[in-house]
Every structure is written in C-alpha cells, then in structure tokens.
Amino acid sequence: MDISTATVLVTGANRGLGRALAQELVARGATVYGAARRPDQIDLPGVKAIRLDVTDPAQVQAAATLTTDVDLLVNNAGSFTGASLLDGDLADIRLEMETHYFGTLSVTRAFAPILAANGGGAVLNVLSVLSWLTTADMSAYAAAKAAELSLTNALRLSLAEQKTQVTAVHVGFMDTDMAAHVDSPKSDPLTIANLALDGLAEGAPEVLADDVSRRVRSALSGPLAGLYPSVA
C-alpha cells in the first residue's frame, strides 16, 4: 500500500502507539484522522481530530459517516485494567473484551464498505505478544488480545474478496502510559510505529516488532512448557 497517498483513521490517536502512528503517517504524506474519546487531547499538526469511543456504536457510526474517504483503518484503541480472569472485577474483564475485540469488530464492520468503495485499502490491527501468551496478572487483557488475533485472522479471510489487506502488528512492552507499571525493557513507540507501517507498505500480513514477539511466535510450535515452564 502506498502510504503517501492514503487517507487514514487511527483509533486511540491521543497517546502512546496511536499518537506515534498518527505522527509517522503524517510524516509519510498521508491524510490522517486521529480518533479518541477525548479529541481535545490530540495535538499533532496535520491530524484531524474526531471523537470516537470504539465501545459506543453510535460514535462508531458517526465516525464512519464523517470519514468516507478513508482507505486505511488503524485499529489501535486499547484499554488495560490489570484484571485477572479468576478473581478480577467482571466489569474490568468485560471492558477489555469490549475494547479490544468488540470495539475492533465494530469499527471494522463500519469501515469495511468504505474501504471497498475506495478500492480495498488496508486494515492495520495493533495486537500484542499477549495475543499468544498470558500471565496471571494480565490475563483479562491477554484473553481480549487473543480474541482480537482470531478476529484479525477472520477479517483477513473475509475481506480478501474486496481486496482489503489486513496486517497485524505484535509487540511486547512499549514506553507508554499503559505499561508505566512494568519494570522491564520497553520499546520506543515511534520505532514500533515505523516497523508497523513499513510492514503494511510491503503488504506483510504480520509484523513481529520486537525480540520478545519473535521469540514467543517461534515457540508456539513447541511444547507448552516452552511458554509456561511451570506446567513442566
């Protein structure tokens, strides 16, 4: 896909990776709509801010009605409650699923006809190494990301007929507000944004943006104990 001529909607564009993606898309010549629940927080030059809570069907439809020129959809909006599936608040667990799975599904369903009308275009879904792996203290988030991975694979098949490219980017911890509590090495969001957009431009179905994602991805074909040593 030629990003320099693209018109893009980026969800969750007010901070973190979404902000970095919007910034780099503008730098590459794209026309960019930055969507967020608080559009007043989007301060990037060249980015048109619009209101969008991906868990609100009315706002999703309003955004689609407003941006009928989009040919690249970036599903980046996320949440992180830190809830555990076993004893976490069910409202927090539902929020993770509503944001990452149903939110991504809702936005993509609304924009799929727009992408088709504009020649097919592309969808970039921001996933995670936790799409494949879970931890006890991030299990609600990981479950939602695993569901989003399954959704992404389904979209890749379902949208092929209308010539819409679907790319997934997987990454571990980034230096963002969402990972502020994590005491581990973190990637620069702008570096990840560039890798994701490079992969998208090349037509890659999957971008493994850091070492931990590549390591976990390669371990999926091995024994379960390779990912979860405690089960050995």
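Colleague: Why is Phe 80 called partly exposed?

Modeller: In this predicted model, Phe 80 has a relative accessible area of 26%. Buried means under 20%, exposed over 50%, and partly exposed in between, with a 1.4 Å probe and protein chains only. So 26% makes Phe 80 partly exposed.

Colleague: And what makes Tyr 141 buried or exposed?

Modeller: Its relative accessibility is 11%, so Tyr 141 counts as buried.

Colleague: How do you know what kind of pair Phe 80 and Tyr 141 form?

Modeller: Rings of Phe, Tyr and Trp (its six-membered ring) pair if their centres lie within 6.5 Å; planes under 30 degrees apart are stacked, over 60 edge-to-face, the rest tilted. Here the centres are 5.6 Å apart and the planes at 75°, so the pair is edge-to-face. Phe 80 sits in the loop between β4 (72-75) and α3, and Tyr 141 in helix α4 (residues 139-158), so the pair ties together parts 61 residues apart in sequence. Helices (H or I, at least four residues) and strands (E, at least two) are DSSP runs, numbered from the N terminus.

Colleague: What makes Tyr 101 and Phe 102 an aromatic pair, and of which kind?

Modeller: Centre to centre they are 4.9 Å, with 80° between the planes, and that pair is edge-to-face too. Tyr 101, at 24% relative accessibility, counts as partly exposed, and so does Phe 102 at 39%.

Colleague: Which rules sit behind these values?

Modeller: Local features need pLDDT of at least 70 and side-chain atom pairs 80 or more, while totals for chains, interfaces and linings use all residues. Side-chain values use heavy atoms, without hydrogens and water, and residues are numbered from 1 along each chain as its sequence is written.
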